[in-house]
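Colleague: Could you walk me through reading helix packing in a model? I have the structure open.

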Amino acid sequence: MSGSVTNIATENLINDSDKVSGTNRKSTLIRTIAAILAGVILFVAITKQLDYMYATHDMWDRILMHSYESEKDIDIVTLGSSHVFCDISPEVLDAESGMKSFNLATPSQRLDCTYYLLKQALRQHDLKKVYIECYYWCGAEYEIWDKTAAEYVKTEVTKDPANYATSWALSYAMKPTAESAAIRLGAADVEHGMETVFPFVRYREKLFDGEYIKETIATKKSDDYKNYIYKYEETDADGTVYTKEYCPKGYLSDNGGKLCDSEKLYNRVRNLSDYGMGTESRKWLGKIISLCQKKGVEITLFTAPMYDLQLISTGDYDRYVKELRAVADEYGIEYYDFNLMKNEYLDIKHGEYFMNMGHLNSVGAEQFTKAFWETVNETEKERFYDSYKDKLAAEPSEIFGLYYFYTEPDGTMDAKGAPVYKSREYHVAANRDDVYDITVTTSDGETISFENVNSFTLPADSHGSIEVVGESGNITVNY
């Protein structure tokens, strides 16, 4: 009997001990979870505060996405680079089409970003038409300096570290969605993971810059920032002051800017004679088209008009046109290059219609948008020349300006480890193979003359003015 009592008492003590132990474990687990949650909340709060102090988010992306999220029932989206938000007026397109349009374009928009923005728009709206702008700068291959290999290597926009920031800026401005996450995670390589996750890390060199922090916070506290308003003044080379404003529906209004003759100098950034469309660009363009076709949404490719100086600088612009036509033919869709349009249908290839070399001003955008809508709803092709070469040959002779590229490394390296060049090779951009008399006046008053040439070389650090005189006219540019 006493043994049974002892056993029962022992069992009770064990059970009580187990209960206490279980309670303690549960309590410890709760405290641990609470501590982790508190740590996470504190960490998020700190990173948000650091973003507020340091991260100067791109104003275009911020205002664009705010405007997009305010729109209902979008019928038409146009996507691409700044050539969209400068060149296509949503207000004019709405009036011409009788539908609701939106320019979902961002500066130097990568085609992977185009894909995810489109995917989100297709999910959120019952789209009727999609127009994809195909700027060669965003699609063609080119060379960059590889510091590790100590040589130039071939790349394209989606693989160039110089373009990671465009995707980061866009993803930071978007609301959290699967598409914004995909854009951010695909923005850069693993080495730039911290910048991808935490915006403030991109500004680490400003860590102890009190003036920068003060200015950043002041901007974010301003009424314009809070109300998504951004406008600023610029001055043309002829002294004309004009206003640029970020407008709703993805449009940059340029009230009065124009391309003056003295500004018609272009640094060649792509050599289409040597490089065509990149494999990554081709892949993403195919995914974009397939996405629309799978959804049963009409998709059209186009290229917006650029000032001819920029196009001539590429060497063989028609090569890229042929590649885009091949893509369009493969998928059975239309491609329109408005740089090939005949003047009787659109005559805006003049400085008064451009704010700079690649972008139309508001006057040019209004005319282009009307011609754009009329053209994409036509079935005939007589509006266009077969090639850019044909267009140049058919027009009256004209000097468009000068373009240049760097030559002759001087044996030193810059801060990024890239070669420093001691000279620039200049070429006259015209639609005739003529020769010209060139007079260079340097900033220190020296005069240099070249006779019967269409190209010449100057020191890279030389500045002043260049006068070009030929049978087709003359032009003076600042360099």
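Colleague: Are helix 5 and helix 12 roughly parallel or antiparallel to each other?

Modeller: Two packed helices are described by the angle between their axes and the distance between the axes. Here, helix 5 (residues 111-124) and helix 12 (residues 279-295) pack at about 15°, with axes 8 Å apart, so they are roughly parallel (angles under 35 degrees). Axes are lines fitted to C-alpha atoms over the stretch in contact, with angles from 0 to 180 degrees between N-to-C directions; helices are DSSP runs (H or I, at least four residues), numbered from the N terminus. One caution: this is a predicted model, where local features need pLDDT of at least 70 and side-chain atom pairs count only at pLDDT 80 or more. Residues are numbered from 1 along each chain, and side-chain values use heavy atoms.

Colleague: Which residues of helix 5 meet helix 12?

Modeller: With contact meaning heavy atoms within 4.5 Å, L111, D112, T114, Y115, Y116, L118, K119 and L122 meet S281, W284, K287, I288, L291, C292 and K295 of helix 12. By class, this contact has nine nonpolar, two polar and four charged residues (Asp, Glu, Lys and Arg count as charged; Ala, Val, Leu, Ile, Met, Phe, Trp, Tyr, Cys and Pro as nonpolar; the others as polar).

Colleague: At what angle do helix 7 and helix 8 pack?

Modeller: Helix 7 (residues 164-173) and helix 8 (residues 178-185) pack at about 155°, their axes 8 Å apart. That makes helix 7 roughly antiparallel to helix 8 (over 145 degrees). S167, L170, S171 and Y172 of helix 7 make the contact with S180, I183 and R184 of helix 8.

Definitions and conventions:
Helix = DSSP H or I, 4+ residues; strand = E, 2+ residues; numbered from the N terminus. Parallel < 35°, antiparallel > 145°, perpendicular 65-115°, else oblique.
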